Amino acid sequence: MNNHKFDTIIKGNAPKNSDNKWYPTRIEKYQNVFLMDTNTPENYMLLKNICYNMQYLEFLNKELDELELSAVLRPMTIKYFVITGMSILEGIFTYIIKINGYWKTIKEDCIGHTESNSAEINGQTYKIVTQFIQPIEERPAKQMKLVQLIKILNKHHQVLKIDHTIYTKLQDIRDLRNCIHLTASINNAKTDYYLFTDEIKNEMSSILYSILTSENISNPTEIFDFLKSTENPAES
């Protein structure tokens with residue numbers, strides 16, 4: 001990652017090379033930093049996607065640090081900083097839980113169900129649903145929810161080797177990722193404008209830095225230092 005200013009990436013402002021323009025850290029550098037076994041196509045693609053999102057995270061951080069964004073565009077940019085950051089962590093958590101043998105497995109499968117007719121009891125309507133469960137050869141679950149991943153890591157602190165208080169912070173900020181759905185604000189009773197503050201951005205940056213620099217996640221490096229940025233936002 002270089003120290004050129006944001007305006008160098010405006011078309012025509014500087015020659016198109018890393019000596020004169022700002023560019024995020026190269027994908028190859030990220031790939032060499034993360035401690036991921038890429039011998040399987042699944043892990044290789046996961047690492048690539050993590051690296052692509054790290055570059056996008058750098059770009060969003062650059063915008064927040066150097067652009068005088070409007071009162072609306074700033075929280076919207078922070079929103080996608082949080083969403084991207086949580087996506088990166090979800091990918092890392094998935095990998096680290098699988099290689100440590102904590103991934104959920106399935107031993108049975110629902111092959112069908114039946115429902116009874118509705119019946120009214122004490123003014124309430126009920127029906128009985130019967131599931132037909134078939135034992136199967138144990139296999140890994142296709143996916144796990146982020147809340148489940150965080151709970152597993154909180155239970156096995158040795159996996160990430162980070163301050164255990166970070167897990168509580170992760171659970172607190174996790175719901176904000178769901179705001180990628182515009183209807184999520186209905187349940188929050190707050191719009192994105194009020195949800196995605198600079199405090200949230202700093203919290204997300206701190207969480208990311210603590211996890212990404214864990215000795216179980218990456219080699220010692222300075223490429224995550226942009227997450228330590230604490231510049232005051234420009235007045236809008």
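Six aromatic pairs turn up when the whole structure is searched, where rings of Phe, Tyr and Trp (its six-membered ring) pair if their centres lie within 6.5 Å. This is a predicted model, so local features need pLDDT of at least 70 and side-chain atom pairs count only at pLDDT 80 or more, while totals for chains, interfaces and linings use all residues. Residues are numbered from 1 along each chain as its sequence is written, and side-chain values use heavy atoms, with hydrogens and water left out.

**Aromatic rings**
- Take Trp 22 and Phe 59: their ring centres are 6.5 Å apart with 35 degrees between the planes, which makes the pair tilted (planes under 30 degrees apart count as stacked, over 60 as edge-to-face and the rest as tilted).
- That pair ties together distant parts of the chain, 37 residues apart, with Trp 22 in the segment before α1 (27-33) and Phe 59 in helix α2.
- Trp 22 is buried at a relative accessible area of 4%, whereas Phe 59 is partly exposed at 26% (buried means under 20% relative accessible area, exposed over 50%, partly exposed in between, with a 1.4 Å probe and protein chains only).
- Ring pairs also join up into a cluster of Phe 6, Trp 22, Tyr 56 and Phe 59.

**Charges over rings**
- Lys 98 puts its charged end over the ring of Trp 103, 4.8 Å from the centre (the cut-offs are NZ of Lys or CZ of Arg within 6 Å of the ring centre and within 35 degrees of the ring normal).
- Over the face of Phe 81 you'll find Lys 201, at 5.0 Å from the ring centre.

**Two buried residues in helices**
- Ser 205 belongs to helix α8 (residues 198-212) and counts as buried because its relative accessibility is 1%.
- Leaving out residues up to four places away in sequence, Ser 205 touches Phe 81 and Leu 227 (contact means heavy atoms within 4.5 Å).
- Lys 48 sits in helix α2 (residues 41-66) and, at 16% relative accessibility, counts as buried too.

**Overall fold**
- The protein has eight helices and four strands, running α-α-α-β-β-β-β-α-α-α-α-α along the sequence (DSSP runs: H or I of at least four residues for helices, E of at least two for strands, numbered from the N terminus).
- Of its 236 residues, 37% count as buried.
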